[in-house]
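Please open the structure in a viewer and keep the selection tool at hand.

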Amino acid sequence: MADLIDGKALAAEVTGKVSQHAADLIASGTTPGLAVVIVGEDPASQVYVASKSKRAKECGFHSVQHTLAEETSEDELVALVEALNADPAIHGILVQLPLPGHIDSGTIIQTIAPEKDVDGFHFINVGKLGTGELDTAFVPCTPAGAMLMLERVRGRDLSGLNAVVVGRSNIVGKPMANLLLAANATVTIAHSRTADLPALARTADILVAAVGRPEMIKGDWVKPGATVIDVGINRVPAPERGEGKSRLVGDVAFDEAAAIAGAITPVPGGVGPMTIAMLMANTLVSACRAAGRQPPAL
Ligand SMILES: Nc1nc(=O)c2c([nH]1)NC[C@@H]1CN(c3ccc(C(=O)N[C@@H](CCC(=O)O)C(=O)O)cc3)C=[N+]21
């Protein structure tokens with residue numbers, strides 16, 4: 001049976017450190033400020049946004065949430081982002097995705113000032129990650145959190161290890177591959193057009209699943225002893241829990257994979273809580289940079 005990598009516990013450790021450093025920064029006159037913007041009423045998004053705001057308050061941050069109507073125009077959202085860019089009390093801006101169809105998310109993301117882009121989605125931050133300028137980049141929160149979990153099992157240097165990332169999104173797959181490469185892993189990005197994905201997955205010492213398909217990755221795709229990082233969060237019907245009930249599952253068939261892997265992240269309680277913890281860490285880093293202080297190593 002694989003070791004469980006406890007995202008809840010590690011996230012609590014990270015936010016504990018963030019709170020301590022935030023207290024120092026506040027004492028020196030700068031309170032980290034996070035603005036979370038949500039457009040529309042998607043219930044799942046509301047839940048995530050509420051937990052981001054709650055965690056920010058727990059860290060002692062100045063936390064503001066802007067909840068805009070579904071009908072908000074792109075111009076109005078651009079104007080809000082520009083106002084937050086200009087607000088010295090705000091160090092991090094997160095616009096919750098997905099946005100309603102009439103708003104171009106690319107336009108909004110590129111409007112966020114790169115030095116406040118705590119999601120790490122702006123071209124400047126994507127480019128810095130791609131070229132290894134990690135001292136001044138913001139790294140997207142989900143892959144950053146996944147790397148911290150991986151570090152607990154494999155250490156910081158992944159030399160000689162094969163990593164397979166299943167999924168090529170800009171939010172997870174591509175930045176994850178760049179981070180693994182920066183840690184000296186040998187990286188393959190697999191996706192829906194990859195030939196014989198099970199055989200490729202079996203070559204992975206580190207297998208990262210970020211496809212958004214419930215339990216797609218089976219136990220016999222896992223190399224014995226591999227570290228499995230499950231980024232998927234899928235809500236599936238759970239009639240055994242009662243009519244209309246649902247439960248969360250990852251992209252990995254957990255029980256099968258856990259029987260073969262060396263270490264594995266659960267869902268829930270895995271990468272999800274780490275994502276929120278890294279958002280707090282990125283906001284702290286942004287506030288340190290704004291105050292001319294060296295950001296702490298977390
Ligand atoms: N601009 C932007 N940045 C994001 O980082 C972003 C986003 N938009 N849009 C939506 C996704 C999703 N996301 C999650 C964060 C935490 C959990 C999390 O903590 N999940 C818990 C379970 C929560 C539950 O019970 O539903 C867990 O996995 O244990 C999940 C999902 C951030 N996202």
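Two residues are taken to be in contact if their C-beta atoms, placed from the backbone, lie within 7 Å. Helices (H or I, at least four residues) and strands (E, at least two) are DSSP runs, numbered from the N terminus. Residues are numbered from 1 along each chain as its sequence is written. The model is predicted: local features need pLDDT of at least 70, side-chain atom pairs count only at pLDDT 80 or more, and totals for chains, interfaces and linings use all residues.

**First selection: helices H1 and H10**

Select residues 7–27, helix H1, together with residues 271–290, helix H10; the two pack at an angle of about 15 degrees, their axes 8 Å apart. Axes are lines fitted to C-alpha atoms, for helices over the stretch in contact, and angles run from 0 to 180 degrees between N-to-C directions. H1 and H10 are therefore roughly parallel to each other (angles under 35 degrees count as such). Among the residues in contact, H1 contributes Leu 10, Val 14, Val 18 and Leu 25, while H10 contributes Ile 276, Met 280 and Leu 284.

Next, display the strands of the open sheet, which has 6 strands in the order E1-E11-E8-E7-E5-E6 with parallel pairing. Two strands pair if DSSP finds at least two bridges between them. At the edges are E1 (3–4) and E6 (186–190), each of which pairs on one side only. Within the sheet, E5 (residues 162–166) and E7 (residues 206–209) run parallel and are joined by 4 bridges. Select Ala 163 to find one partner: its bridge partner in E7 is Ile 206.

Helix H6 (residues 141–154) touches E7, E8 (227–230) and E11 (263–264), and its direction makes about 160 degrees with that of E8. Helix H7 (residues 173–182) touches E5, E6 and E7, with its direction at about 170 degrees to that of E6.

Which peptide bond is cis, with omega near -5 degrees? Select Leu 97 and Pro 98, which are joined by that bond; Pro 98 lies in the loop between E4 (92–95) and H4 (105–111). Val 267 and Pro 268 are also joined by a cis peptide bond, with omega about -5 degrees. Pro 268 is in the loop between E11 and H10.

Finally, select Asp 196, which has a positive phi of about 45 degrees although it is not a glycine. Asp 196 belongs to the loop between E6 and H8 (197–201).

Definitions and conventions:
Angles under 35 degrees count as roughly parallel, over 145 as roughly antiparallel, 65 to 115 as roughly perpendicular and the rest as oblique.
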